[in-house]
Amino acid sequence: MSPASWVTPELRAQLRTDSWFGSLSSGLENDLLALATPRRLKAGEHLFFRGDAADGIYAVLEGSLRISGVTEAGKEAILSMVEPPMWLGEIALFDHLPRTHNAVADAVTRLLFVPMAPLNELLSRCPVYWRDFGVLMSLKVRFAFIGMEDLALLPADLRLTRRLVMLAHAAGKEGNCVLPISQAQLGMMLGLSRQTTNQILQSLQDQGVVQVAYGRIEVLDLGQLVAVAGLSSADKALLGQIGPSGRTTPG
């Protein structure tokens with residue numbers, strides 16, 4: 001089965017800039033795209049809520065999704081921002097349990113949607129593909145552990161700069177790049193006050209590393225940001241493996 005006509009060569013090229021999708025065999029790539037349908041969300045529209053039944057996996061093609069948890073009192077904790085061409089939703093593919101968090105569009109967002117039922121049928125026919133989805137999930141587990149360690153051990157300035165590095169690399173971006181995240185959202189991701197977040201970003205801006213604007217943070221020098229973040233050799237090696245033009249290395 002061939003992908004639909006809306007799956008253009010340009011869309012394939014965009015998806016391949018994601019380290020995970022770019023590492024897939026041509027067989028799995030074609031099979032996934034043959035099952036895919038387009039989705040579109042308005043700004044502020046939810047893709048899913050915590051507790052919703054899982055319906056499939058997604059790739060963000062345009063815009064961004066905010067992944068968060070919200071208390072009964074309405075307090076939000078932002079866990080991550082999902083930007084093009086990142087994939088999400090694979091956890092439920094393994095455990096068949098409900099969604100773990102909320103996913104809401106921060107702007108008009110276009111997505112590629114692969115429904116759960118035909119995807120499960122594909123995996124039943126071609127069980128070798130399971131390993132590829134295990135790699136996708138394991139990459140996110142790695143970053144989650146790094147984030148937990150940073151939260152426990154590092155001061156606020158290093159936590160923030162390291163998170164900016166991770167966001168840039170996870171989105172498959174290099175050189176100058178714009179992260180569609182506000183100061184307030186970044187502070188919420190790290191449990192930092194607005195004042196502390198602003199002070200750290202202002203220092204990075206004074207050093208010419210970032211430029212802060214309304215609703216976004218532009219990384220002017222990713223190499224310098226990596227240096228300021230004080231990444232270990234192991235962290236740099238991991239980022240190199242999932243860089244914008246890199247391939248996911250098994251391990």
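Colleague: How many bridges join β1 to strand β8?

Modeller: This is a predicted model. In it, β1 and β8 (residues 109-115) run antiparallel, and Arg39 stands opposite Leu111 in β8. The number of bridges that join β1 to β8 is five.

Colleague: Which strands stand at the edges of the sheet?

Modeller: The sheet is open, and its four strands are paired in antiparallel fashion in the order β1-β8-β3-β6. Two of the strands have a single partner each, so one side of each is left without a neighbour in the sheet. The strands at the edges are β1 (37-41) and β6 (87-88).

Colleague: At what angle does helix α1 run to β3?

Modeller: Helix α1 comprises residues 9-16 and lies across β3 (56-62), β6 and β8. Its direction makes an angle to β3 of about 105°.

Colleague: Which strands does helix α5 touch?

Modeller: Helix α5 (residues 116-125) also packs on the sheet. Its direction makes about 50° with that of β8. The strands touched by α5 are β3 and β8.

Colleague: Why is α1 described as oblique to α3?

Modeller: The two helices, α1 and α3 (residues 26-35), have axes 13 Å apart and pack at an angle of about 120°. Because angles of 65 to 115 degrees count as roughly perpendicular and those over 145 as roughly antiparallel, that angle makes α1 to α3 oblique.

Colleague: How many charged residues belong to the contact of α1 with α3?

Modeller: Arg12, Leu15 and Arg16 of α1 meet Glu29, Asn30 and Leu33 of α3. Of these residues, two are nonpolar and one is polar. The number of charged residues is three.

Technical notes. Residues are numbered from 1 along each chain as its sequence is written. This is a predicted model: local features need pLDDT of at least 70, side-chain atom pairs count only at pLDDT 80 or more; totals for chains, interfaces and linings use all residues. Side-chain values use heavy atoms; hydrogens and water are left out. Two strands pair if DSSP finds at least two bridges between them. Contact means heavy atoms within 4.5 Å. Axes are lines fitted to C-alpha atoms, for helices over the stretch in contact, and angles run from 0 to 180 degrees between N-to-C directions. Angles under 35 degrees count as roughly parallel, over 145 as roughly antiparallel, 65 to 115 as roughly perpendicular and the rest as oblique. Ala, Val, Leu, Ile, Met, Phe, Trp, Tyr, Cys and Pro count as nonpolar, Asp, Glu, Lys and Arg as charged, and the others, Gly among them, as polar.
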